[in-house]
Amino acid sequence: MTCANEMTCANEMTCANESESGFSLGILPPHSDSHALVGGYRKAQYQDIREALEVMRYISASTPSTHVYLRMFQLESQVLPRCSETPAPGEEDEDFLSIAAAMEEITDDSVDCYWLIKSFVSQFHAKFGDSFPHLPKSLEHYLSQEDPRLLSHLRAIGALPRLPYALWFRRCFAGCLPESSLQRVWDKVISGSCKILVFVALEILLSYKIVLMGLSRPEGVRAFLCNIPQENTDAMVTKAIDLWHKYCGTPIHAV
């Protein structure tokens, strides 16, 4: 296959993934005849929101794109702070910014990027917000089934409460996994199950068992897991999906 053909295929795959996500997230209507019209509305709304923020001096030409998306999301959600009292990004804002940065790497168009971020974050919190507190315990349960010795070690050194749950669960591994692996995880989340996040976290622990067993301080465990090596992540996600099917069948539910 020539380089030109490889690039064409890659672009087609990216477009296909974005289109499927658009359907699942409610961005695109089911009838293809309406896509151009709806796309025009989305672009016009995007430009109106951005221009409003520029007029109100919340953003400028030098504002990072991820922060532009955050202010747009806040404006549409009616939680935009006063311009004179704009605080530093809070925990939820940092989660949004991480997801936005990852989505930017997946999409080429800023309009599409914003709508995907907005819909993904909104749907994720609406569907799974109540599940977040239960995911760490779920992870412990499945780790006890797969490797009780590793679980005992993490408990003994006090590392379990220090695992990067925000990075794994609230940010859906944005900033942890490279985009090629991240898309496969997010596809499962968009399809209706956040429990895949538990099994990705589980597989990360299992894959780096030898390293983790050699660490004796919770800070060291957390530091390593927040910066895992970026090679072989596709294989880890494949194993995580296998574990997901092993314990949950072909789950449609959220938890």
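**Getting to know this helical model**

Me: Hello! Is cysteine 113 buried or exposed?
Reply: In this predicted model, the relative accessible area of cysteine 113 is 2%. The cut-off for burial is under 20%. Cysteine 113 is therefore buried.

Me: And cysteine 248, does it count as buried or exposed?
Reply: Cysteine 248 has a relative accessibility of 16%. Burial is set at under 20%, so that value for cysteine 248 makes the residue count as buried.

Me: How many disulfides are found in the whole structure?
Reply: A disulfide needs two cysteine sulfur atoms within 2.5 Å. When the whole structure is searched for such pairs, the number of disulfides found is 0.

Me: How are helix α4 and helix α5 oriented to each other?
Reply: Helix α4 spans residues 91-106 and helix α5 spans residues 110-128. Their axes lie 10 Å apart, and the packing angle is about 135 degrees. Angles over 145 count as roughly antiparallel and 65 to 115 as roughly perpendicular, so α4 and α5 are oblique.

Me: What is the handedness of that crossing, and which residues of α5 make the contact?
Reply: The crossing of α4 and α5 is right-handed. From α4, the contact is made by Phe96, Ile99, Ala100, Met103 and Glu104. By class, this contact has 9 nonpolar, no polar and 1 charged residues. On the α5 side, the residues are Cys113, Leu116, Ile117, Phe120 and Val121.

Me: How are α6 and α7 oriented to each other?
Reply: Helix α6 (residues 135-146) and helix α7 (residues 148-156) have axes that come within 6 Å. These axes cross at roughly 130 degrees. With 65 to 115 being roughly perpendicular and over 145 roughly antiparallel, α6 and α7 are therefore oblique.

Me: How many charged residues does the contact of α6 with α7 have?
Reply: Glu140, Leu143, Ser144 and Glu146 of α6 meet Pro148, Leu150, Leu151, Leu154 and Arg155 of α7. By class, the contact of α6 with α7 has 5 nonpolar residues and 1 polar residue, while the charged residues number 3.

Me: Finally, for the protein as a whole, what percentage of the residues count as buried?
Reply: Among contacts with a separation of 6 or more, 71% come from residues 24 or more positions apart. As for burial, the protein has 255 residues, and the share that counts as buried is 43%.

Conventions. Residues numbered from 1 in each chain as written. Predicted model: local features only at pLDDT ≥ 70, side-chain atom pairs only at ≥ 80, totals over all residues. Heavy atoms only, no water. Buried < 20%, exposed > 50% of the residue type's maximum accessible area, 1.4 Å probe, protein only. Axes fitted to C-alpha atoms, helices over the stretch in contact; angles between N-to-C directions. Helix = DSSP H or I, 4+ residues; strand = E, 2+ residues; numbered from the N terminus. Parallel < 35°, antiparallel > 145°, perpendicular 65-115°, else oblique. Left-handed = near helix turned anticlockwise from the far one by under 90°. Contact = heavy atoms within 4.5 Å. Nonpolar A, V, L, I, M, F, W, Y, C, P; charged D, E, K, R; others polar.
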